[in-house]
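The following questions and answers examine the structure shown below.

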Amino acid sequence: MNRRRFLTGAAVASSLPLAGCFDAVGQRDSDVRRFLLRANDWTYRVQRLMLGSDQLAREFSRSEIRQPMRPNGSTNPQASDYLRHVAEGFRDYRLSIRGMVARPLAFSLDELRNMPARTQITRHDCVEGWSCVAEWTGTPLALVLDEASVLPQARYAVFSCFDVMENSFTGPIRYYESIDLLDARHPQTILAYGMNGTALPVANGAPLRVRVERQLGYKMAKYIEAITLTDDLSGFGEGQGGYWEDRGYEWFAGI
Ligand SMILES: Nc1nc2c(c(=O)[nH]1)N[C@H]1C(S)=C(S)[C@@H](COP(=O)(O)O)O[C@H]1N2
Ligand SMILES: [Mo]
């Protein structure tokens, strides 16, 4: 058998049982879903053991930016509060930091831009199988968290976004995502307001999107309105830690 026929055969053979599998992933109480959630937990633990908490994702040079950053997911949110911010050039926009913090805070974009910034050229990997290299500029999330003084019992940072996802499953719900505090405090985790040398475009998440460079694209929330510190993800969305996680994606999407 030539290689192509072998691969085609293998793909067909493996997709047959898997087609059934993936249906079960979406079902709350299926064994398949329980198994995958357990496997996800193990991936998370093993990656945390293998990667030092401050290990950096690869950074690239300017000449390696070969194409525009491809916008994906929501690219033009229509929520009225968001449209008002766009129309006003985000003048009254405030990023609120709330939940398990000693000092809840609200940052204007100017306040964030006046804090120490980090610029990094990194590769964005989408779960769909494409990648783009782009330059990102923003405020390290660790600095913002320090100003708000995170309480010791907090375990996660939850990002609440402006964009509304239409969905027959739960009804309309705003995109949200969460990361643990190791990733939140990682030196490359920034609240990006700049991309490829210009202000972050609406299509890529204006005014602020988080970069979580050691995980897949869906973790990198765009259109961030608020960050909530918490020790429990069950009160957000459907309880799995993110819009896509509530639909079967893994919470820890390390690469
Ligand atoms: N608020 C919000 N954030 C989001 C999404 C989204 O639909 N809404 N899509 C995610 C996915 S799947 C990817 S691949 C990236 C796309 O980022 P980009 O538009 O800058 O390419 O954003 C992520 N963050
Ligand atoms: Mo993605």
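Q: Is Phe90 buried or exposed, and at what relative accessibility?
A: In this predicted model, local features need pLDDT of at least 70, side-chain atom pairs count only at pLDDT 80 or more, and totals for chains, interfaces and linings use all residues. Residues are numbered from 1 along each chain as its sequence is written, chains are lettered from A and ligands numbered from 1 in the order in which they are written, and side-chain values use heavy atoms, with hydrogens and water left out. Buried means under 20% relative accessible area, exposed over 50%, and partly exposed in between, with a 1.4 Å probe and protein chains only. Phe90 therefore counts as buried, at a relative accessibility of 13%.

Q: What is the phi of Phe90, and in which loop is Phe90 found?
A: Phe90 is not a glycine, yet its phi is positive, at about 65 degrees. Helices (H or I, at least four residues) and strands (E, at least two) are DSSP runs, numbered from the N terminus. On that numbering, Phe90 is found in the loop between helix H3 (80-87) and E1.

Q: Which residues form a cluster with Phe90 through ring pairs?
A: Rings of Phe, Tyr and Trp (its six-membered ring) pair if their centres lie within 6.5 Å; planes under 30 degrees apart count as stacked, over 60 as edge-to-face and the rest as tilted. Across the whole structure, twelve aromatic pairs are found. The cluster linked by ring pairs joins Phe90 with Tyr82, Tyr93, Phe162 and Tyr223.

Q: Which residues is His85 in contact with, leaving aside its neighbours within four places in sequence?
A: His85 lies in helix H3 and is buried, with a relative accessible area of 7%. Contact means heavy atoms within 4.5 Å. With neighbours within four places in sequence left aside, the contacts of His85 are Phe90, Asp92, Tyr93 and Phe162.

Q: What is the geometry of the aromatic pair of Tyr243 and Trp244?
A: Tyr243 is buried, with a relative accessible area of 4%, whereas Trp244 is partly exposed at 29%. Their ring centres are 5.1 Å apart, with 80 degrees between the planes. The pair of Tyr243 and Trp244 is therefore classed, by the limit of over 60 degrees, as edge-to-face.

Q: Which charged residue sits over the ring of Tyr243, and how far is its charged end from the centre?
A: A charge sits over a ring if NZ of Lys or CZ of Arg is within 6 Å of the ring centre and within 35 degrees of the ring normal. For Tyr243, the residue is Arg247, whose charged end is 4.0 Å from the ring centre.

Q: What is the order of the strands in the open sheet, and which strands stand at the edges?
A: Two strands pair if DSSP finds at least two bridges between them. The open sheet has five strands with mixed pairing, in the order E2-E1-E10-E5-E6. Each edge strand has a single partner strand, so one side of each is left without a neighbour in the sheet; the edges are E2 (105-107) and E6 (173-180).

Q: In which sense does E1 pair with E2, and in which with E10?
A: A hairpin through five residues joins E1 to E2, and Ser96 has Ala106 in E2 as its bridge partner. On the E10 side, Arg98 stands opposite Thr228. E1 and E2 are antiparallel over three bridges, while the four bridges between E1 and E10 are parallel.

Q: At what angle does helix H5 run to E2?
A: Axes are lines fitted to C-alpha atoms, for helices over the stretch in contact, and angles run from 0 to 180 degrees between N-to-C directions. Helix H5 (residues 141-148) lies across E1 (95-99), E2, E5, E6 and E10 (224-230). The angle of H5 to E2 is about 140 degrees.

Q: What is the phi of Ser149?
A: Ser149 is found in the loop between H5 and E5, and at 31% relative accessibility it counts as partly exposed. Although Ser149 is not a glycine, its phi is positive, at about 60 degrees.

Q: Which residues does the cis peptide bond join, and what is omega?
A: Pro207 is placed in the loop between E8 (198-199) and E9 (209-211). The cis peptide bond joins Ala206 and Pro207, and omega is about 5 degrees.
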